[in-house]
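Hello,

Here is the structure I promised to pass on. Please look it over first, then read my notes below.

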Amino acid sequence: MKCLAMAIALTTALACATQPASAQTLAAVKARGELICGANGTLAGFGMPDPQGNWTGFDVDFCRAIAAAIFNDPTKVKFVPLTAKDRFTALQSGEVDVLSRNTTWTLSRDTSLGLDFVAVTFYDGQGFMVRKALKVSSALELNGAAVCVQQGTTSELNLADYFRSNHMSLKTVTFATGEEALKAYESGRCDSYTTDSSGLYGERLELAEPSQNIVLPEIISKEPLSPAVRHGDNQWADLVRWTHFVMLDAEELGINQGNVDAKLKSDDPETRRLLGVEGQYGEALGLTNDWAYRIIKHVGNYGESFERNVGQGSPLKIVRGLNALWTKGGLQYGPPIR
Amino acid sequence: MPPQILPRRAGSPRRFGGIALQIALVVVIGSVAYGAFSNVAENLAHAHIASGFGFWNNTAGFDISQTLIPYSASISSFGRAFWVGLLNTLLVAAIGIALATLLGFAVGIARLSRNWLLARLAGGYVELIRNVPLLLQLLFWYNAVLKALPVVHGSLALPGGGILNNRGLFLPRPEFAPTFGAVLVALLAGIIVAIALQSLARRRRARTGEEMQILWPALGLIVGLPLVVFILAGFPLTFSLPRMGRFNVVGGVEILPEFAALLLALSVYTAAFIAEVVRAGVLAVAPGQTEAAAALGLRSGMTLRLVVLPQAMRVIVPPLTSQYLNLIKNSSLAVAIGYPDLVQVFAGSVLNITGQAVEVIALTMAVYLAISLFTALSMNVYARATAVVER
């Protein structure tokens with residue numbers, strides 16, 4: 001229903017607004033005094049309000065980093081919880097400035113949806129969770145199983161692909177939200193629940209008996225999760241993209257929340273450029289030159305955000321794997337700031 | 001009786017100003033609609049969002065849990081998914097309307113019963129059901145009732161080979177041998193002859209006033225004849241029983257819990273409103289009619305069937321139509337429990353995968369509009385056919 005309302009809002013907005021939606025997001029955000037960030041709302045580790053109502057998570061930190069860069073204040077963000085179904089419409093219609101909600105970058109989303117994906121903040125893949133009692137040790141043993149899945153996700157499509165290419169039959173039960181799908185799995189409506197494996201770790205912990213459920217070893221797809229912005233506003237896309245890159249570069253240079261003040265006095269030219277001691281790189285993005293300093297000071301580097309939210313400092317205990325820096329055998333690679 | 005509107009003579013001076021005003025209104029509405037339409041198209045192009053129905057024949061790629069027509073994620077198109085969703089909506093709406101009507105009439109008449117307990121029970125049903133939001137009732141049926149069924153490995157075996165668990169009700173699937181056609185032919189012939197017999201009996205009664213008992217011969221023709229052919233053809237009907245597979249029940253006819261919950265919620269809810277419509281209709285029939293029927297010696301059941309209900313129907317049909325339309329539109333709440341209706345499949349998965357919100361939502365709304373208008377039209381035809389003929 002929310003989707004319907006939003007689609008109508010989109011139609012109305014499109015029918016009324018005549019100005020082209022480009023090159024104005026940053027100005028609009030600055031004028032408004034806060035960033036509006038589309039987030040998950042129910043996914044532990046990535047985007048969820050804690051019992052006190054403070055939003056936390058890996059995707060949430062990314063929006064806080066953008067707010068820190070613009071306002072020098074990571075709290076100037078309004079988070080809008082979105083379901084997988086509603087998320088693109090919310091971004092297209094301008095309800096949110098940036099979508100940071102564990103969203104897979106695909107060609108059709110990048111082109112025909114009128115969106116721009118900026119950078120892969122998390123390399124993920126789709127996995128399956130089953131009950132231990134089922135005595136299944138591989139996804140290839142799931143022939144004939146009922147699988148619960150969330151609607152409007154790449155998971156929904158990969159699931160059909162995977163079973164087809166392995167000549168297995170399945171019964172898909174589709175729900176509008178991940179919560180409903182998980183609840184149906186827990187009640188025994190399905191044998192398995194499938195989503196991005198990062199999500200499986202978080203959602204397993206929400207079950208009544210996490211230890212009675214296991215995540216199968218197969219990763220059946222590539223899920224490069226990326227924040228997205230509206231197509232056509234390159235300045236805003238650059239800002240969002242470099243927010244990610246600068247957090248990677250900071251980790252690579254060993255700059256973190258604790259030592260960033262001391263690093264201001266560093267002699268290292270790369271560190272000096274990154275922190276805005278030298279050059280006008282921040283102004284080129286439409287920000288102040290200490291933009292990166294603000295991000296590191298308030299939010300931390302990529303590794304800090306990862307470990308705090310989903311890594312060893314969190315209940316999820318996801319290993320860095322593909323998300324390690326390129327210098328440590330991973331895929332995360334920040335282009336140089338110069 | 002519908003209110004009579006006296007036709008005004010066309011061409012009168014007052015009429016002319018009215019027509020000009022109406023033309024002006026149509027022009028204004030038309031230009032606003034055109035402006036909105038072209039603006040949407042222009043802005044979609046600006047925002048680089050694809051538009052049009054070019055996606056219609058592309059491969060859908062997602063599975064649907066209940067399909068009345070053949071559908072496969074790997075080869076079927078978005079267009080096919082649309083039809084699957086539409087048929088699922090029509091299925092739940094059609095069965096829902098039938099059940100709600102039966103239940104509604106029963107409850108409505110029960111509420112007028114002289115039996116104190118029956119009338120109070122019917123009253124309690126109406127008050128309880130129509131005052132609780134439908135969405136909550138739907139979630140109640142789905143989460144509280146159906147989820148309480150046994151899990152798949154503790155399934156209940158039903159007499160006759162059915163299996164019941166929290167993944168659905170699995171019934172034996174009838175499988176027809178080719179010779180089963182002869183049974184159908186016999187059934188058809190039996191029905192035709194029975195109808196001829198009935199008209200013969202009616203003519204004879206009109207001519208001579210004698211009642212001709214045709215119940216047993218008719219039953220013999222409709223039931224007995226096909227049964228004899230069925231036996232002669234060597235029992236051309238078998239049932240494939242559902243059985244337990246590794247994970248799920250396989251084989252048989254599957255009734256999804258999502259479908260059952262939606263059907264229950266829609267029929268139980270709408271029946272409460274229909275009951276009130278029926279009660280109002282029956283009360284609207286002048287008491288003199290019942291008294292006259294009693295004076296003629298009709299029993300109370302016959303009075304209800306032959307005198308009261310036919311007259312009450314004229315009052316009942318218009319508000320009943322509204323209830324049917326409500327039921328059809330309320331079926332879109334399916335999205336809350338994952339029943340694959342039009343909204344869930346088309347305005348859900350298809351919208352999200354293609355991202356073409358404007359086209360998908362517009363088409364979905366048009367479909368509901370068409371279904372509702374068609375329902376209203378059929379009911380109006382019925383109402384006109386049963387209207388009082390003034391002499």
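First, the ground rules. This is a predicted model, in which local features need pLDDT of at least 70 and side-chain atom pairs count only at pLDDT 80 or more, while totals for chains, interfaces and linings use all residues. Residues are numbered from 1 along each chain as its sequence is written, and chains are lettered from A and ligands numbered from 1 in the order in which they are written.

**Chain A**

Chain A has 14 helices and 14 strands. Both are DSSP runs numbered from the N terminus: helices are H or I with at least four residues, strands are E with at least two. The C-alpha trace spans about 60 × 50 × 40 Å along its principal axes. Of the 338 residues, 57% count as buried. Buried means that 20 or more other C-beta atoms, placed from the backbone, lie within 10 Å of the residue's own.

Helix 8 of chain A (residues 197-204) is mostly covered, with eight of its eight residues buried. Among them are A:Leu200, A:Tyr201, A:Glu203 and A:Arg204. The buried residues of this helix pack against several elements of chain A, including helix 7 (178-186) and strand 11 (192-196).

Now a helix pair. Helix 9 (residues 234-252) and helix 13 (residues 291-298) of chain A pack at about 70°, with axes 10 Å apart. Axes are lines fitted to C-alpha atoms, for helices over the stretch in contact, and angles run from 0 to 180 degrees between N-to-C directions. That makes helix 9 of chain A roughly perpendicular to helix 13 of chain A; roughly perpendicular covers 65 to 115 degrees. A:Thr243, A:Val246, A:Met247 and A:Ala250 of helix 9 make the contact with A:Ala292, A:Ile295 and A:Ile296 of helix 13. Two residues are in contact if their C-beta atoms, placed from the backbone, lie within 7 Å.

**Chain B**

Chain B has 11 helices and eight strands. Its radius of gyration is 27 Å, well over the 21 Å that the globule rule gives for 391 residues, so chain B is more spread out than a compact globule. The C-alpha trace of chain B spans about 80 × 80 × 45 Å along its principal axes. Buried residues make up 31% of the 391.

How do helix 7 and helix 9 of chain B cross, and at roughly what angle? The axes of helix 7 (residues 257-284) and helix 9 (residues 300-330) come within 8 Å and cross at roughly 155°. The two helices of chain B are therefore roughly antiparallel to each other, a term for angles over 145 degrees. The residues of this contact divide into 16 nonpolar, five polar and no charged. Here Ala, Val, Leu, Ile, Met, Phe, Trp, Tyr, Cys and Pro count as nonpolar, Asp, Glu, Lys and Arg as charged, and the others, Gly among them, as polar.

**Between the chains**

43 residues of chain A are in contact with 37 residues of chain B. Helix 1 of chain A gives the most to the chain A side, with eight residues. By class, that side has 20 nonpolar, 15 polar and eight charged residues.

Best wishes

How values were computed. The radius of gyration is taken over C-alpha atoms; the globule rule is 2.2 Å times the number of residues to the power 0.38. A residue is buried if 20 or more other C-beta atoms lie within 10 Å of its own, exposed if 12 or fewer, and partly exposed in between; C-beta atoms are placed from the backbone. Angles under 35 degrees count as roughly parallel, over 145 as roughly antiparallel, 65 to 115 as roughly perpendicular and the rest as oblique.
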